Amino acid sequence: MAENKKSFTAYCDWMETFEALPDEKAGKLIKHIFHYVNDKNPETDDLLIKAVFAQIKATLKRDLKKWESKRAQNKENALKRWNKNN
């Protein structure tokens with residue numbers, strides 16, 4: 001995902017997806033998600049996990065873009081304040 005990023009957002013509406021899966025598949029999916037957000041580049045041959053994860057991955061990527069934009073904006077604002085004070 002992103003270097004030095006320590007968290008990610010999980011959404012309440014994902015519960016329906018997890019509830020629809022058997023416990024074993026739900027466990028595999030959440031492990032797959034955690035591997036992905038920790039830059040472990042997970043691979044799976046399980047077509048169900050691939051299909052369900054594709055939707056979650058798209059959401060995670062959108063969130064990452066927002067986070068990177070916000071981080072860049074915060075950095076720029078901090079530099080402006082720093083340069084103004086010096």
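A charge is taken to sit over a ring if NZ of Lys or CZ of Arg is within 6 Å of the ring centre and within 35 degrees of the ring normal. Lys 5 meets that rule here, lying over the face of Trp 67 at 5.3 Å from the ring centre. The model is a predicted one, in which local features need pLDDT of at least 70 and side-chain atom pairs count only at pLDDT 80 or more, while totals for chains, interfaces and linings use all residues. Residues are numbered from 1 along each chain as its sequence is written, and side-chain values use heavy atoms, with hydrogens and water left out.

Now for the overall layout. The protein has three helices and zero strands, with helices (H or I, at least four residues) and strands (E, at least two) read as DSSP runs numbered from the N terminus. A compact globule of 86 residues would come out near 12 Å in radius of gyration, but this protein has 17 Å; the radius is taken over C-alpha atoms, and the globule rule is 2.2 Å times the number of residues to the power 0.38. The C-alpha trace spans about 60 × 25 × 15 Å along its principal axes.

What makes up the largest nonpolar core? It has 12 residues, among them Trp 14, Leu 29, Tyr 36, Val 52 and Phe 53; such a core is a set of buried Ala, Val, Leu, Ile, Met, Phe, Trp, Tyr and Cys residues joined through side-chain atoms within 4.5 Å. Helix H2 (23–37) and helix H3 (47–85) are the elements that give two or more residues to this core. Val 52 touches Thr 17 and Leu 29, leaving aside residues up to four places away in sequence, with contact meaning heavy atoms within 4.5 Å.

Aromatic rings come next. Rings of Phe, Tyr and Trp (its six-membered ring) pair if their centres lie within 6.5 Å, and planes under 30 degrees apart count as stacked, over 60 as edge-to-face and the rest as tilted. The count comes to three aromatic pairs. Tyr 11 and Trp 14 form an edge-to-face pair, 5.6 Å centre to centre with 70° between the planes. Tyr 11 is partly exposed because its relative accessibility is 33%, whereas Trp 14, at 10%, counts as buried. Tyr 36 and Phe 53 also pair edge-to-face, at 5.3 Å and 75°. Tyr 36 lies in helix H2 and Phe 53 in helix H3, so this pair ties together parts 17 residues apart in sequence.

Note on methods
Buried < 20%, exposed > 50% of the residue type's maximum accessible area, 1.4 Å probe, protein only.
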